[in-house]
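Let's take a walk through this one together.

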There are 2 protein chains.
Amino acid sequence: MKIALAQQNYHIGNFEHNIQKILAGIEEAVGQGAELVVFSELCVCGYPPRDFLEFNDFINKCYQAIDVIKDKTENIGVIVGCPVRNSSSEGKNLFNAAWVLHKREVKAIVHKTLLPTYDVFDEYRYFEPSFEWNVVEFNNIRIALTICEDLWNLSDKPLYRSAPMDKLIKQNPDIMINISASPFDYDHDDDRREVIRANVLKYEIPIVYCNTVGSQTEIVFDGGSLVLDKKGSIVKEMKYFEEDFAIVDTDNLKSSGAPVQPDDNLGQIYSALKLGIKDYFRKMGFTKAILGSSGGIDSAVTMAIACDALGAENVRAILMPSQYSSDHSVEDAVQLSNTLQNPYDIIPIKNVYDAFLKELKPVFNDLPFSIAEENIQSRTRGNLLMAIANKFGYILLNTSNKSELATGYGTLYGDMAGGLSVLGDVYKTQVFALAKYINRTKEIIPVNIIAKPPSAELRPGQKDSDSLPEYDVLDKVLYQYIENRKGPSEIIATGVDQALVARILKMVNTNEYKRNQFCPIIRISRKAFGVGRRMPIVGKYLS
Amino acid sequence: MKIALAQQNYHIGNFEHNIQKILAGIEEAVGQGAELVVFSELCVCGYPPRDFLEFNDFINKCYQAIDVIKDKTENIGVIVGCPVRNSSSEGKNLFNAAWVLHKREVKAIVHKTLLPTYDVFDEYRYFEPSFEWNVVEFNNIRIALTICEDLWNLSDKPLYRSAPMDKLIKQNPDIMINISASPFDYDHDDDRREVIRANVLKYEIPIVYCNTVGSQTEIVFDGGSLVLDKKGSIVKEMKYFEEDFAIVDTDNLKSSGAPVQPDDNLGQIYSALKLGIKDYFRKMGFTKAILGSSGGIDSAVTMAIACDALGAENVRAILMPSQYSSDHSVEDAVQLSNTLQNPYDIIPIKNVYDAFLKELKPVFNDLPFSIAEENIQSRTRGNLLMAIANKFGYILLNTSNKSELATGYGTLYGDMAGGLSVLGDVYKTQVFALAKYINRTKEIIPVNIIAKPPSAELRPGQKDSDSLPEYDVLDKVLYQYIENRKGPSEIIATGVDQALVARILKMVNTNEYKRNQFCPIIRISRKAFGVGRRMPIVGKYLS
């Protein structure tokens with residue numbers, strides 16, 4: 001049987017847009033002679049729809065979309081992801097479902113069993129897990145149809161007490177089809193191929209695995225849909241970070257050899273961040289970005305990726321030197337914009353800063369310079385950037401990195417301002433690596449920006465290392481704590497000084513209140529700050 | 001049997017504090033001759049511990065706390081809430097459990113079955129649901145021991161497909177004991193009494209229901225623990241919004257008559273907000289608040305409640321008039337602080353605002369006055385407030401109301417700044433009602449503040465009604481959309497103009513990006529903005 005895979009980029013709640021995509025996919029599949037075309041999980045409404053699912057009106061629109069799509073299935077079977085109402089009086093209102101449409105009818109609806117409810121996923125918030133399992137028969141092929149997580153239960157310590165494939169395999173299916181919305185992280189892609197292969201090896205039938213692509217606020221779906229023959233060889237691996245379309249003939253599955261996805265973490269991270277920016281702007285209906293260009297590495301890397309994602313002419317840099325800025329900061333920032341060929345302005349902050357200090361004089365009296373004065377400068381910059389953004393319709397790109405966000409080394413409403421954080425899931429040491437990656441063929445980011453010691457330049461001679469441990473140690477401890485959820489004793493056992501570990505973990509935990517007000521962060525790791533990491537703000541643990 | 005109920009206020013992750021509380025409760029119960037003392041759900045670590053539960057180190061500390069508590073159970077049985085590890089290789093790592101401790105031993109561990117995963121609750125994120133049910137025998141009494149949500153499945157459309165009490169009742173228990181962490185909302189308290197009573201009437205045995213009290217960031221637990229005899233009469237109703245301790249004799253349950261909780265929504269809301277402020281500051285380790293005092297009703301109500309919660313001497317008001325402020329604004333704000341007897345300062349913003357405009361002149365050129373200039377003023381105020389907060393160690397109280405947050409009628413980093421939102425779950429019409437409630441015995445909030453039309457005073461003659469529908473209509477539509485999740489057609493059917501409904505829902509949905517960066521909001525309704533309402537930011541639905 002010729003099966004088409006449509007790996008597409010949907011827009012949550014934008015039914016018109018999603019229907020159009022799906023109909024185009026059907027048309028292409030029909031044109032190429034496919035008998036069945038497979039789309040991804042919840043493609044009709046976009047994934048994750050979150051609390052939109054609690055609106056009856058939203059579910060009605062999902063059903064209306066199904067009706068429109070169904071009308072185009074005279075000559076082809078179509079598998080789409082779409083919520084379905086629970087007709088029983090018990091349990092949650094909805095199932096996360098795969099709908100099989102053919103000859104203008106709903107031929108079958110399969111409910112998802114394993115509902116990821118961890119990290120960025122909240123599926124049990126909305127969906128009842130399936131409790132019935134049946135193979136779907138289509139054109140004499142018996143399909144074990146499942147949805148994403150349904151296949152992810154094969155470890156030694158499975159997260160769920162049963163797996164739907166163990167039920168379905170008893171009904172002698174010919175093939176597995178899985179529709180997914182499986183996001184990128186830089187540790188995850190190998191996992192995914194291995195999990196798909198492990199299913200094939202266990203159940204000994206081929207698989208068609210169709211993933212979605214595109215960024216939804218913070219979550220980047222990277223595509224990479226797969227077809228494996230029953231021996232576990234990759235027959236088809238689809239593009240990463242791009243829409244793609246493919247057809248396979250299940251009667252004649254031939255291995256295509258090397259995988260598409262290069263084993264290049266930095267390249268993947270770069271692509272994820274670029275897609276994250278591009279889709280955020282497009283889906284929010286914006287075209288132009290603004291950002292503060294300090295002459296430091298974080299703003300340089302952010303700007304380089306933004307120029308690539310949005311076009312340099314759409315990225316406006318604002319240089320806002322203070323009396324504490326070093327000369328080279330402005331020079332480096334100017335050189336960067338000259339290389340990237342994006343517009344920039346210089347607005348010194350001294351006069352506004354002085355005006356603030358003058359008005360605050362009766363309150364501050366003669367108290368010494370402190371973090372308050374540092375923050376005034378940072379917030380003056382935030383205010384200037386937002387003013388220009390509001391005046392001309394830019395989105396402010398935030399340039400904070402994950403190491404800063406983790407330790408609270410940033411100013412709320414100052415350098416923490418912005419609509420989207422590009423580097424908030426990228427540790428400082430990774431930012432340096434990204435800078436070098438960006439410069440791999442020619443010098444885009446001035447080497448001086450990469451070489452000089454990081455500084456916030458909010459007081460004379462300030463360096464990050466005055467307040468923070470060296471980044472190589474800091475980032476290692478943060479990774480153990482944040483990504484690996486290791487406790488103090490486990491981290492100390494890796495050879496880091498006890499007092500330093502305590503100091504770092506305390507910094508992380510006492511700054512939840514700051515991160516709680518931070519903008520969405522493009523997620524590239526297994527554990528990003530934001531929706532996937534939920535900590536009590538008033539909690540007192542390791543603090 | 002004499003059973004003690006300890007209704008206590010815990011601090012998440014602060015094991016030392018929580019253990020001390022629990023030991024004091026045990027001591028009091030022993031002193032009063034109780035055979036068994038009951039604490040609330042997850043009291044050992046505080047509720048909700050959120051992703052702290054993913055740290056092995058955190059669970060180790062829970063177990064260490066159990067060891068300390070167990071040592072004090074020589075002469076009394078103790079029921080405490082504490083996570084327990086899942087010893088099976090399948091399923092989530094933990095159960096949410098009730099531990100029965102006696103004679104320095106763990107006598108029983110009961111796992112929670114029904115895991116609330118909706119609104120502010122995320123329990124299936126962490127816990128495996130129970131799949132075994134056994135009555136606990138203690139001093140010859142057979143106890144059907146359950147945890148919070150386990151009893152909440154008695155409606156016509158139950159959220160879960162089975163209920164643990166249906167299994168337990170077959171084992172002939174003498175009494176139900178339920179340990180809870182059930183939060184306040186102004187529609188909920190009657191529900192809670194009715195749900196407890198419905199269980200008693202269905203299973204025909206008495207119940208001891210022990211709830212927690214205290215505010216945890218945004219969630220206010222209101223106590224009101226209950227003991228009902230087997231006919232459903234209230235034997236004991238414990239205090240609301242306060243810690244409390246009680247002893248009942250299950251061999252001789254006598255009804256105590258009228259409920260403690262008056263049926264007074266405004267009084268309850270006031271108490272919840274006051275406790276929300278008080279606990280946020282105490283648990284964050286702060287004592288002093290600062291806020292912008294505009295002469296408007298939102299800041300007046302916020303300030304009155306804050307003075308009550310923290311002491312007037314700990315609440316500093318900053319008056320920041322601009323050239324667009326009316327004369328009476330400053331007068332009203334001064335009068336308010338004179339009545340409340342809290343300190344205030346006046347810092348005009350004109351000079352800073354002018355300095356901003358001067359620096360922006362080369363970028364803005366001669367473009368007309370717009371929202372950008374309005375926001376500069378608001379952010380200048382935010383910057384001044386944060387500067388003083390940073391200098392002296394205040395937490396900035398935010399004064400935005402729910403109607404503003406819903407419609408995006410506020411400035412990010414300006415009037416949306418702050419560490420805690422007092423009125424973010426209170427619609428504008430409710431703010432007016434609260435003001436009158438605060439003034440019920442004497443004029444605390446100047447009547448002029450209540451009487452004048454709301455205005456942001458960011459341009460000449462500005463009124464809220466220039467940008468927003470009248471608040472009585474707006475709030476009704478918002479309530480239908482936010483609390484009741486009604487769609488456009490359902491709201492139009494209540495008699496509101498179609499175009500107005502579309503305009504309001506669009507305002508709500510296109511401002512997710514702003515609310516996403518907002519501080520925690522003390523939750524008083526069934527559906528507050530914040531952790532309990534999760535919307536896609538790039539979503540395009542009704543927008």
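This is a predicted model: local features need pLDDT of at least 70, side-chain atom pairs count only at pLDDT 80 or more; totals for chains, interfaces and linings use all residues.

Residues are numbered from 1 along each chain as its sequence is written, while chains are lettered from A and ligands numbered from 1 in the order in which they are written.

Now for the place where the copies meet. Chain B puts 81 residues into the contact and chain A puts in 81 residues, with two residues in contact if their C-beta atoms, placed from the backbone, lie within 7 Å. On the side of chain B that touches chain A, the elements giving two or more residues are α2 (56-70), α5 (265-284), α8 (350-364) and α9 (371-392) of chain B. Of these, α9(B) gives the most, with 13 residues. The copies meet through the same surface, because 100% of the interface residues of chain B are also interface residues in chain A.

Let's look at one chain by itself. Chain A has 17 helices and 19 strands, counted as DSSP runs numbered from the N terminus (helices are H or I, at least four residues; strands are E, at least two). Its radius of gyration is 26 Å, close to the 24 Å that the globule rule gives for 543 residues, so chain A is as compact as a globular protein of that length. That radius is taken over C-alpha atoms, and the rule is 2.2 Å times the number of residues to the power 0.38. Of the 543 residues of chain A, 58% count as buried, meaning that 20 or more other C-beta atoms lie within 10 Å of the residue's own, these atoms being placed from the backbone.

What about the core? The largest nonpolar core has 356 residues, and Val38(A), Ala306(A) and Val38(B) touch the most other members. Such a core is a set of buried Ala, Val, Leu, Ile, Met, Phe, Trp, Tyr and Cys residues joined through C-beta atoms within 7 Å. Leaving out residues up to four places away in sequence, Ala306(A) touches Ile277(A), Ala289(A), Leu291(A), Val315(A), Leu397(A) and Val422(A).

Finally, zoom in on strand β18 (residues 395-398) of chain B. Ile395(B) and Leu397(B) on one side, and Leu396(B) and Asn398(B) on the other, are all buried, which leaves both faces covered. In a regular strand the side chains alternate between the two faces of the sheet. β18(B) pairs in the parallel sense with β15 (residues 289-292) of chain B over two bridges, and Ala289(B) has Ile395(B) as its bridge partner. Strand β19 (residues 420-421) of chain B also pairs with β18(B) in the parallel sense over two bridges, with Leu397(B) opposite Leu420(B). Pairing here takes at least two bridges found by DSSP between the strands.

Conventions: A residue is buried if 20 or more other C-beta atoms lie within 10 Å of its own, exposed if 12 or fewer, and partly exposed in between; C-beta atoms are placed from the backbone.
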